[in-house]
Every structure is written in structure tokens, then in C-alpha cells.
Amino acid sequence: MPRTAPRICPLCEATCGLTLTIEGTTVTGARGDRDDVFSRGFICPKGAAFGALDADPDRLRTPLVRRAGRLREATWDEAYDAVAAAVPSLVRDHGPQSVGIVLGNPNVHTMAGALYPPLLVNTLGTRNLFTASTLDQMPKHVSSGLLFGDPFAIPVPDLDRTDFLLLVGANPVESNGSLCTAPDFPGKLKALRARGGTLVVVDPRRTRTAKLADTHLAPRPGSDALLLAALAHTLLAEKLADPGALTEHTEGTRELADALGSFTPEAVAPACDLPADRIRALARELAAAPTAAVYGRIGSCTVEHGTLASWLVDVLNILTGNLDRPGGALFPLPAAGPRPRPAGPGRGFALGRWRSRVSGHPEVKSELPTAALAEEIETPGEGRIRALIAIAANPVLSAPDGRRLDAALAGLDFMVSVDPYLNETSRHAHVVLPPPPPSQSAHHDFAFNGFAVRNQVRYTRPAVPLEADRLDECEIHARLVLAVSGMHGSAPPSAVDDTAIQAALAKETADRRSPLHGADPATLAGLLTGESGPERRLDLMLRLGPYGDLFGAADRADGLSLERLLAHPHGIDLGPLRPRLPGLLRTRSGRIELLPEPIAAELPRLRAALAARPAALVLVGRRHLRSNNSWLHNVPALTGGSNRCTLQVHPADADRLGLADGGRARITADGGSLEAPVEVTDAVRTGVVSLPHGWGHDRDGTRLAVAGADPGVNVNQLLDGTRLDPLSGTAVLNGFPVTLTPLP
């Protein structure tokens with residue numbers, strides 16, 4: 001008989017609850033979980049295809065080890081023997097910097113990806129860490145770190161209570177939201193308008209999100225920071241700024257007004273290609289709204305001035321008094337996150353504590369730009385990356401100049417991939433460690449609950465028992481930590497979790513501000529529950545978190561623990577977001593620092609953009625609802641329809657360039673040329689073309705039958721990696737100049 005089981009969807013940031021239908025050990029269906037406290041039954045096509053992804057025949061079932069130049073199936077012990085034989089000896093001979101680590105986007109969608117990579121980095125002692133952040137949201141981490149002292153203090157729009165929502169470079173109807181975890185984002189936007197609110201979308205494309213808006217502004221790509229600076233200038237110049245309760249917690253308002261003095265609507269209008277009157281009117285509408293929230297995403301991050309745009313988003317929320325208040329932009333309080341501390345000065349946030357070996361890129365949040373990975377492998381000398389550990393990462397497609405990186409990976413002494421597929425990157429590995437299908441994994445969203453529009457906590461155990469010949473994903477990671485540390489075979493995987501628990505409790509009991517100060521860590525560890533090391537670590541984080549039972553050290557009868565969470569399989573609602581300032585501020589001043597020095601030093605470069613001559617034609621990316629970067633193109637249920645790798649061109653540009661709908665064009669930019677089919681549409685503005693990212697599945701040696709049958713082209717091959725946002729090291733993936741040539 002079929003049975004059902006709850007599962008949190010791991011396929012995008014919305015984290016919707018699913019109800020899986022299971023026959024034997026096979027997932028035969030997935031629908032929205034109506035009892036889920038967060039998503040209330042919402043589901044998108046990706047979630048509905050959960051079973052097809054889970055059963056994909058191209059998923060690897062056993063480890064692969066390279067022998068005589070070919071990847072061959074091996075046992076788990078053989079795979080870890082190979083890792084243990086290679087990595088520790090490389091570290092002994094060439095130092096810890098000889099090993100690089102690259103973490104991909106899917107990494108944050110799993111429990112294992114949250115719990116173990118930090119331990120791996122610390123064990124190796126390497127500074128060569130590269131993640132998808134510098135291809136995506138790193139500008140927001142930098143701006144939050146500089147404003148608030150904590151790069152993870154990222155406010156999210158209070159979608160359910162706001163009166164005015166300004167979306168900049170965001171398309172949540174198709175992305176399902178990002179750095180804003182909100183199931184049924186489309187429904188929330190429709191509800192905003194239904195209650196009389198206003199939705200304004202700033203995007204060079206008329207996306208599905210823009211079609212819902214009261215107002216759609218289509219500026220020139222890459223000009224978001226100029227537009228936002230003009231809005232802030234108008235608020236200050238017309239004395240519309242009113243931070244309200246934030247005033248006593250904010251410094252630098254006068255300096256900010258001086259710094260933005262040259263960014264008048266008239267000055268930025270030519271560069272943005274928007275009327276000055278419309279810019280000024282938008283600032284007044286934002287100021288007049290009873291509550292409002294400004295939200296910027298990838299279109300405003302992966303551009304030349306991405307960090308400035310991210311900073312200005314929150315400057316606008318601060319100047320209008322909408323930061324940290326209901327209906328504005330608030331800071332979530334995740335159940336497994338740190339417990340709030342008393343307000344006061346902190347250590348602040350620093351950039352460039354070290355630099356990359358070859359080009360001297362500054363470190364940001366302990367990471368180096370992924371665009372610099374190839375040169376760190378290729379360039380001879382001390383500190384060259386000789387071994388790479390790639391976890392859920394496919395930078396050959398996601399980073400600029402994949403051809404160069406492809407060649408660099410082929411020259412590594414050793415490479416490990418933790419990946420369920422043999423894809424464009426993992427095909428270079430010497431060892432591939434495949435995680436089990438998601439139905440066989442437990443799930444808690446450590447990362448995305450920190451961006452959720454409502455505080456809640458959910459955990460689902462595996463819906464299907466782990467097959468006998470597979471390892472749990474957390475055990476795969478734990479054994480990898482042991483293998484690189486030289487402890488392979490001398491300690492069980494559980495020792496990794498035990499060590500993490502002991503370290504966390506030692507820190508907590510040594511903290512004089514903690515109710516557990518002076519307690520015995522070993523005694524507390526013995527009180528933890530759970531069937532595995534990862535569950536015990538989750539139990540610990542819940543108990544020590546903002547809603548936790550603190551091991552009975554405080555009078556909290558309803559305090560969270562794993563045991564209580566397991567009694568609520570559809571989650572526990574923890575209420576709407578609430579104001580958290582000044583308690584979360586960790587700047588050296590203990591206040592919001594409106595104009596931090598690195599931002600002030602970067603503003604002259606933005607002023608120079610006022611006089612720059614814009615390119616005749618620029619390219620922007622595109623997101624599809626039934627796709628997520630490069631990792632869902634092998635599921636037949638998610639292919640076809642609008643999910644196509646086409647070059648969108650405005651009719652006027654098509655006529656000017658001699659392009660025809662359904663024809664082909666050559667696209668040329670810094671990194672080379674591509675050929676793609678043309679789609680003539682007025683969904684893009686003039687002077688802009690659009691090509692989706694995540695495609696280019698045409699390399700030999702992969703095992704992606706569906707994706708390989710319709711490979712598309714890799715848009716990031718148009719870039720050579722030299723275009724970066726200097727403050728964050730984020731690759732410029734949007735708004736870069738291209739030329740088009742029609743093909744017969």
C-alpha cells in the first residue's frame with residue numbers, strides 16, 4: 001500500500017513543505033503539505049518533480065575512483081583510502097594552501113552542507129576557499145557587515161504586512177525568492193496589491209514579476225546603484241528622510257548627505273535611461289507610504305557596483321524609518337541560530353584580511369573570488385592549488401571562463417567531488433563521493449531560516465530508508481573530514497560530530513553571559529537526544545538558540561529541543577518577524593554605520609559612471625521557474641516549454657542588427673563567442689539581450705543524458721573573469737557589453 005511522508009523541499013530557497021507518496025522505497029508523487037506551518041500547501045513545478053529527481057537514473061550510486069586515467073566504480077573504503085593517501089601528503093609537502101575548497105549553491109540546501117564544510121576548512125587550515133557567494137549574493141553580505149557589523153544580518157521584506165514594496169533586480173515569481181525565504185512569493189505579491197498596497201519592480205526585462213507590478217521601471221542594466229543613490233539623495237535633499245526610532249542607533253547621516261550630493265535625479269537620469277521626474281516621484285512615493293520595504297537581488301548584486309547597490313537598498317530602508325519595523329524590512333530570528341546578546345559594540349566587519357596569491361584579490365568573509373580559482377591552480381609557485389575539494393559545485397558552468405577552468409582542473413594533482421552526478425566539473429575528479437537521493441536524507445534549513453519572512457522551525461527525517469550500499473550524506477562529509485586530517489580508519493565518523501558538540505559546549509559554558517556558565521560540557525552533551533551525530537548537533541543548536549530550553553537552565557517550559565520538534569512533523573510556528581535593533585548590531589561603534597570607510601572610498605568610482613558612455617548592447621541573465629542554476633536540467637519533467645536556452649532580443653534591436661526570430665546569432669564579449677537561437681520579444685528593453693545561466697552541457701565525459709540532449713550554451717563563457725565588483729569580489733555576470741552577429 002502507498003504511504004505518505006512529509007519532506008521539506010531542498011530545490012530552492014522557498015523551502016516548501018511537501019507530502020511525498022511512497023510505494024515501497026520509490027517516491028511516486030509529491031504535493032504541497034497543507035499542514036506545513038510555513039508553506040501551507042504551496043508547491044512549484046520543481047517540488048512537484050521531486051520524485052523524478054530522486055529517481056534520476058543518471059544519479060551515481062557508488063563512489064568513483066580514477067584508475068589508469070579512467071573513473072571506475074569503487075567501494076566507499078577504497079574511495080576514502082584514495083583521499084587519505086593523497087591529501088595529507090600534499091599538505092605535508094606543500095602546505096595547507098596547496099588544497100582549495102569550492103562550495104556550490106546546492107551545498108546550502110542540505111544539512112550536511114551546513115554542518116561539515118566549516119569543519120573541513122578548519123581541519124585543512126587553507127585560506128583557499130571559493131563559494132557560489134561570489135557569483136551571487138556576496139555584495140549583500142559585505143554591505144550588511146559594514147552597516148551592521150555582521151555579514152549575516154540581512155533584513156528581509158515583511159511581505160505580509162508591508163504597504164509598498166520596491167523590488168530591484170529581483171524576479172521572485174520565477175526564482176521563488178532569494179535571500180528572502182518565502183513560500184508562495186507570487187501569492188504574497190498578489191495579496192499586497194489586494195489589500196491596497198503598491199508593488200514597484202525595477203528590471204530591464206518585463207518578467208513575470210514585473211507583470212504583477214503597479215509600476216515597472218526598465219533602467220539600463222548595471223545602473224541600479226545610481227538609481228538608488230538618486231532616491232536616497234532626493235529623500236535627504238527634500239527633507240523626506242525620517243529614520244524615526246533608528247535615529248538614536250544610527251551615525252553618519254550628515255556625511256551620507258554630503259557623499260550623495262552629486263547623485264541628483266537629473267545627474268543619474270541619462271546613465272539609468274529613466275526620466276528624472278520619475279525617479280524623484282518614486283522617492284516621494286517611498287517616503288509617503290505608511291510602511292515600505294526595498295529589496296534587491298541578483299540583478300543588482302552581480303553587476304559592477306553590486307555592493308554599493310546592496311548598501312543603498314538598506315540605506316533607503318533606514319532613511320524612511322522602515323528598517324526593523326513591522327511592514328518594513330526586519331531581521332529573522334532562526335531557531336538554530338545564535339541566541340540574542342545584549343546590545344553593545346562588537347568587533348565589526350573587516351575586508352581584505354589576506355589576499356589571493358596571484359592577483360591579490362582581497363579576502364571577503366574568509367572567501368576568495370571564484371573567478372580567481374583557475375589562476376590559483378594554473379600559476380606555478382609556492383601556494384599553488386594542487387588539490388581541490390568540490391562540494392556540490394559545478395564552477396565550470398557557474399564561474400566565468402569555464403574553458404580556462406576546465407583546463408586548469410585537468411592539471412590538478414588530486415581532486416575530490418562530493419556530487420550525485422558526473423557533471424562538467426566532477427568529471428575531472430580523482431574521487432567522486434555521491435550523496436543519496438534527497439528522499440533518503442534528513443532535512444533542516446540552517447541557512448534559509450535566517451532569511452525567512454516568518455520565524456518557524458521544521459525538521460524532517462528521511463522519508464525512505466537509506467539503501468544498504470549508500471552512505472548518509474552527513475557521514476560522507478564526516479568521513480571526508482577524517483580522511484584529510486590523517487585520521488582515516490582510526491576514528492568513527494561520529495567522532496567528528498562529538499568534537500563539534502564538545503567545542504560548542506566548551507565555548508558556551510565558558511561564556512560569563514550564558515545561563516550555562518560553569519556547567520560541565522560532558523554532562524550537557526549526555527543530555528542531547530537524536531539517532532545520529534547530526535541530530536544531536538541540531539538538538540544542541542535548538543537548545544542553545546533563541547527559543548531553546550537551555551538544558552533547563554532557564555524557566556522555559558516551552559523551550560525548543562529536537563524532541564519537541566519531532567513531535568510536530570509539520571513544523572512549529574514561532575510568529576511574525578519582530579524588531580531586533582540595537583541588539584544585533586556588532587559594529588565597533590555599536591550603531592548602524594551609514595557611511596563606512598570602504599563604501600565612501602568606492603563612491604568616486606560610482607560618480608565616474610555618471611559620465612561614462614554606455615555600451616550600445618549589454619547582456620543580462622535569466623532565471624526559469626523550472627530550473628535552478630545548472631543542477632535541474634537532467635529532469636525530463638522540468639525541461640521544455642519556456643525553459644529554453646534562447647537569446648532574447650528586442651524587436652527594434654533585431655531589426656537594426658538583421659536578426660530574425662528562430663534564427664541564430666553569434667554573441668561576442670570579453671571571454672569569447674557563443675552561438676545561440678534568437679527569440680525576438682519585447683520582454684527585454686532596447687539595448688539589452690538576455691541569455692539564461694546554467695546551460696552548456698556539451699562536454700565529453702559527463703553522464704547527463706537529458707541535459708546533454710539539449711545542452712544549450714554557457715553564458716559565463718562570454719566572460720574572462722576580469723570584471724568584478726571590487727568590494728565583494730563578485731563576478732559581473734549581468735550588464736556587460738556584447739556584440740551580436742546574425743548567422744545564416
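The model is predicted: local features need pLDDT of at least 70, side-chain atom pairs count only at pLDDT 80 or more, and totals for chains, interfaces and linings use all residues. Residues are numbered from 1 along each chain as its sequence is written, and side-chain values use heavy atoms, with hydrogens and water left out.

**Stop 1: helix H3**

Select residues 76-94, helix H3. Helices (H or I, at least four residues) and strands (E, at least two) are DSSP runs, numbered from the N terminus. H3 has 19 residues, so at 1.5 Å a residue it should span 27 Å; its end C-alpha atoms are 27 Å apart, which agrees. The expected span is 1.5 Å times one less than the number of residues.

Now show the side chains. Trp76, Ala79, Tyr80, Val83, Ala86, Val87, Pro88 and Leu90 of H3 are buried (under 20% relative accessible area; exposed is over 50%, partly exposed in between; 1.4 Å probe, protein chains only). Step on to Gly95, which follows H3 and has a positive phi, near 90 degrees.

**Stop 2: H9 and H11**

Select 224-237 (H9) and 265-272 (H11): they pack at about 165 degrees, with axes 9 Å apart. Axes are lines fitted to C-alpha atoms, for helices over the stretch in contact, and angles run from 0 to 180 degrees between N-to-C directions. H9 is therefore roughly antiparallel to H11 (over 145 degrees; under 35 is roughly parallel, 65 to 115 roughly perpendicular, the rest oblique).

Colour the contact residues (heavy atoms within 4.5 Å). From H9 come Leu226, Leu227, Ala230, His233 and Thr234; from H11, Pro265, Val268, Ala271 and Cys272. Seven are nonpolar, two polar and none charged. Here Ala, Val, Leu, Ile, Met, Phe, Trp, Tyr, Cys and Pro count as nonpolar, Asp, Glu, Lys and Arg as charged, and the others, Gly among them, as polar.

**Stop 3: H6 and H14**

Select 138-148 (H6) and 306-319 (H14): their axes come within 8 Å and cross at roughly 50 degrees. That makes H6 oblique to H14. The contact includes Lys140 and Phe148 of H6, and Trp311 and Asp314 of H14. Its residues divide into seven nonpolar, five polar and two charged.

**Stop 4: Ala452**

Select Ala452, in the loop between strands S17 (431-433) and S18 (454-457). Is Ala452 buried or exposed? At 0% relative accessibility, Ala452 counts as buried. Beyond its neighbours within four places in sequence, Ala452 is in contact with Phe38, Val156, Thr181, Pro332 and Leu577.
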